[in-house]
Amino acid sequence: MILELHGYHYSVYTRIARVALAEKGLTHRHVEVDPFAEAVSEGYLAMNPFQRVPTLVDGDFVLYETAAITRYIDEAFDGPALQPATAALRARMQQIVGVIDSYGYWPMVRQVFSHRVFRPHLGQAVDEDAVRRGLQASATVLRALEDLAGDGPWLLGEQLTLADIHLAPMMAYFAPAPEGGALLADFARLSGWWSRVAARPSMVRSAPGLPEVGG
Ligand SMILES: N[C@@H](CCC(=O)N[C@@H](CS)C(=O)NCC(=O)O)C(=O)O
């Protein structure tokens, strides 16, 4: 049974699930769903009543919420382990994922990236105050992640985990924003981590780019 990932091309959360699938060595079929569209199909809403992406379909098993999806991907299939073996490191991984979801996504992606990169690219109105507030909140997030990160190549040391996979797509949107990149440069561990994780084939192959304009 081929795994289906219903998600949106430009969505960081969809990319997290795609990177987890790739790191696990799994193939899947992508089903495009734009959660920002005026009318999202009834079929999709029956699977995900919150109108968010992604949703994973594995036969009869339907799962939404990205942290649950990536955990399922790791635990239900063979391939390299993406979660640490010890309780302490597993808790640290969950903590980092929680920080990213609760405090990182909105300022890093929806404020800084959207208003400094995505909207200007499309010629849409930009809210400079959103960028300013986003950078301020992102600074707290990056400080916390820098303090939580170990000295190894990955956030939790020698093993690439779901924490790295959760953060990487958000950083991929945040770092190209000029002020985002400048802020990241203040954090040595995160900067080194970002240069390594960005080069992984799972990240390179899942890069969404930006929409084409004009034409
Ligand atoms: N808690 C959800 C969040 C997913 C999420 O917010 N996805 C974004 C795209 S990156 C979305 O669907 N946004 C639609 C909207 O905000 O209306 C998860 O972990 O999967």
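How close do the axes of helix H5 and helix H6 come, and at what angle do they cross? In this predicted model, local features need pLDDT of at least 70 and side-chain atom pairs count only at pLDDT 80 or more, while totals for chains, interfaces and linings use all residues. Residues are numbered from 1 along each chain as its sequence is written, and side-chain values use heavy atoms, without hydrogens or water.

The axes of H5 (residues 128–148) and H6 (residues 162–174) come within 14 Å and cross at roughly 140 degrees. H5 is therefore oblique to H6. Angles under 35 degrees count as roughly parallel, over 145 as roughly antiparallel, 65 to 115 as roughly perpendicular and the rest as oblique. Axes are lines fitted to C-alpha atoms, for helices over the stretch in contact, and angles run from 0 to 180 degrees between N-to-C directions. Helices (H or I, at least four residues) and strands (E, at least two) are DSSP runs, numbered from the N terminus. The crossing of H5 and H6 is left-handed. Leu-135, Ser-138, Leu-142 and Leu-145 of H5 contact Leu-167, Met-171 and Phe-174 of H6 (contact: heavy atoms within 4.5 Å). By class, this contact of H5 with H6 has six nonpolar, one polar and no charged residues.

H5 also packs against helix H4 (residues 87–121). Here the angle is about 155 degrees and the axes lie 8 Å apart. H4 and H5 are therefore roughly antiparallel. Their crossing is left-handed. Residues of H4 in the contact include Ile-96, Val-99, Tyr-103 and Met-108; those of H5 include Val-131, Leu-135, Val-141 and Leu-148. By class, the contact of H4 with H5 has 14 nonpolar, six polar and four charged residues.

Strand E1 (residues 3–7) is mostly covered, with five of its five residues buried (under 20% relative accessible area, 1.4 Å probe, protein chains only). Leu-3, Leu-5 and Gly-7 point one way from E1, and Glu-4 and His-6 point the other way. Five bridges join E1 to strand E2 (residues 28–32), and the two run parallel. Strands pair if DSSP finds at least two bridges between them. Glu-4 has Arg-29 as its bridge partner in E2.

Tyr-44 lies in helix H2 (residues 42–47). Tyr-44 counts as buried because its relative accessibility is 4%. Leaving aside residues up to four places away in sequence, Tyr-44 touches His-6, Val-33, Arg-52, Val-53, Pro-54 and Thr-55. Tyr-44 and Thr-55 are 11 residues apart along the chain, and their C-alpha atoms are separated by 8.7 Å.

Key
A crossing is left-handed if the near helix is turned anticlockwise from the far one by less than a right angle, and right-handed if clockwise. Ala, Val, Leu, Ile, Met, Phe, Trp, Tyr, Cys and Pro count as nonpolar, Asp, Glu, Lys and Arg as charged, and the others, Gly among them, as polar. Buried means under 20% relative accessible area, exposed over 50%, partly exposed in between (1.4 Å probe, protein chains only).
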